[in-house]
Amino acid sequence: MAYDVIVVGSGPGGYVAAIRASQLGYKTAIVEKENLGGICLNWGCIPTKALIKSAQVLEYISHAQDYGIVAGESKADFNAVIKRSRGVADKMSKGIQFLMKKNKIEVLMGMGKLNAKKEVEVTGADGKTTAYAARHVILATGGRARQLPNLPIDGKKIIGYREAMNMPTQPKSMIVVGSGAIGVEFAYVYNSMGTKVTIVEFMPRIVPVEDEDVSKELEKVYKKKGISIMTNASVEKVEGSGAGVVAHIKTADGNMSTLEADVVLSAVGVSANIENIGLETLNITTDKGKVVVDKHYNTNVAGIYAIGDIVPGQALAHVAMKEAVICIEAIANKEGKYHHVPEALDYNNVPGCTYCSPEIASVGMTEKQAKEAGYEVKVGKFPFSASGKASAAGANEGFVKVIFDAKYGEWLGTHMIGANVTEIIAQTVASRKLETTWQEQLDTIFPHPTMSEAVKDAIEVALGEAIHL
């Protein structure tokens, strides 16, 4: 059967591409080897947030007396927490099934691969292969847990994110290798439920992509929670012959130490799924493990496109979603089905969110990056300890930090750590997109009392006009 568009992969990039293609009048099919919704809905973004919510509820109950509430003893039912998370994931995956039916998108279950005719060959669970032709093929095959050579994931003693959210029993102790979003989120969840957690980070500070002040604040909060943190350290070898594991850790001074735990969680990033999808058959250009594309996600082969984790740019669900829309709208524009040339994605204005507790949200340049780029900066930092809403909520940890160009008032970046800050960062993203200045922000009324008004307060600090500090 022939289609106008075939999308390979049904994660946030793939299913959005398929829905937008159908909306624009294309006969569309989507190929998925496992579960609709991809890693994000089934093993990533969504189920991890369910785990995090359970951890937060446990924390609330444990500190009920701080709010004047008398509650009984609280403890985590680990299996019930896992079950709830899987239930949330299943519900979301079923939601994608509904969207496919609603938009008349045919779902082809199996492993998709390009052949020499630019068809998509789909190999089903029964081993049978069927070829499908399409005028346009969008590759959205996503990513998987990156594995270090000396830290191979075996699913038992050394686990990845998938195993971490579906463990049969709760470990008493865990070593988390890597302190990016995945590492610090799982560190928070397991620590909250009573697991002794140690984070081992190769870089000089945890959450190393964030502003330095954010890293310092999270480290301070995590240590207070009882999480051990080793920076400038690497796991050289893991022995798992006994009941648990023994990790051999090398520190910056070259000294070696050992650390025992029940399990090691490898959280050292994501690798793109570019193998065995037919790239070599059509000589599609790759570079550094990613598919090379232009601003509208065309590969070097006409009619073949790539989006999401397999192309350069941030490996984030919301990035893949936007790339999907840009890609299909550019195709439709060329064919006269859509009368607007989509604007290229600005990768310098992509928000990043980490859902540990306290949450982290950021967009734009860090203070260090702005200075290195030659800007003279105005920096404002407003602590949530001075926020009325934060105090009322019992969420005083963290701050909002804003960075502006001193000469023209351009908003260069915002970096937040605190309760619910992932819900606040969109305001900075929209304002930077609209090229607003600090004066326009101060001319805007922020609601009181809210956590969001801390952004306005931070801007006042940057200008030396702080009212609430």
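Predicted model: local features only at pLDDT ≥ 70, side-chain atom pairs only at ≥ 80, totals over all residues.
**Entry 1. Tyr3 and its surroundings**

I then asked what sits over the ring of Tyr3. I found the charged end of Lys27 there, 5.4 Å from the ring centre.

**Entry 2. Aromatic pairs**

I searched the whole structure for aromatic pairs and recorded 4. I noted that the pair links distant parts of the chain, 129 residues apart: Tyr3 belongs to strand S1 (residues 2-8) and Tyr132 to strand S6 (residues 129-139). Tyr132 counts as buried, at 15% relative accessibility.

I next examined Phe404 and Trp411, whose ring centres lie 5.3 Å apart. Their planes are at 25 degrees, so I recorded the pair as stacked. Both residues are buried. Together with Trp438, they form one aromatic cluster.

I also noted a lysine over a further ring: Lys337 lies over the face of Tyr26, 4.9 Å from the ring centre.

**Entry 3. Helices H6 and H7**

I looked up how helix H6 (residues 181-192) packs with helix H7 (residues 212-225). Their axes are 11 Å apart, at an angle of about 25 degrees. Angles under 35 degrees count as roughly parallel, so I described H6 as roughly parallel to H7. The crossing of H6 past H7 is left-handed. For the contact I listed Val184, Ala187, Tyr188 and Asn191 from H6, and Leu218, Tyr222 and Lys225 from H7.

**Entry 4. Backbone geometry**

Where did I find cis peptide bonds? One joins Ser357 and Pro358, with omega of about 5 degrees. Pro358 is in the loop between strand S20 (352-354) and strand S21 (359-364). Another joins His448 and Pro449, with omega of about -5 degrees. I placed Pro449 in the loop between helix H12 (438-442) and helix H13 (453-462).

I then checked two asparagines for positive phi. Phi is near 60 degrees for Asn276 and near 55 degrees for Asn283. I located Asn276 in the loop between strand S16 (270-272) and strand S17 (286-287); Asn283 is in the loop between S16 and S17 as well. Are these residues buried or exposed? Asn276 is exposed, with a relative accessible area of 55%, and Asn283 is exposed, with 60%.

Technical notes:
Residues numbered from 1 in each chain as written. Heavy atoms only, no water. Phe/Tyr/Trp six-rings, centres within 6.5 Å; stacked < 30°, edge-to-face > 60°. Helix = DSSP H or I, 4+ residues; strand = E, 2+ residues; numbered from the N terminus. Buried < 20%, exposed > 50% of the residue type's maximum accessible area, 1.4 Å probe, protein only. Lys NZ or Arg CZ within 6 Å of the ring centre and 35° of its normal. Axes fitted to C-alpha atoms, helices over the stretch in contact; angles between N-to-C directions. Parallel < 35°, antiparallel > 145°, perpendicular 65-115°, else oblique. Left-handed = near helix turned anticlockwise from the far one by under 90°. Contact = heavy atoms within 4.5 Å.
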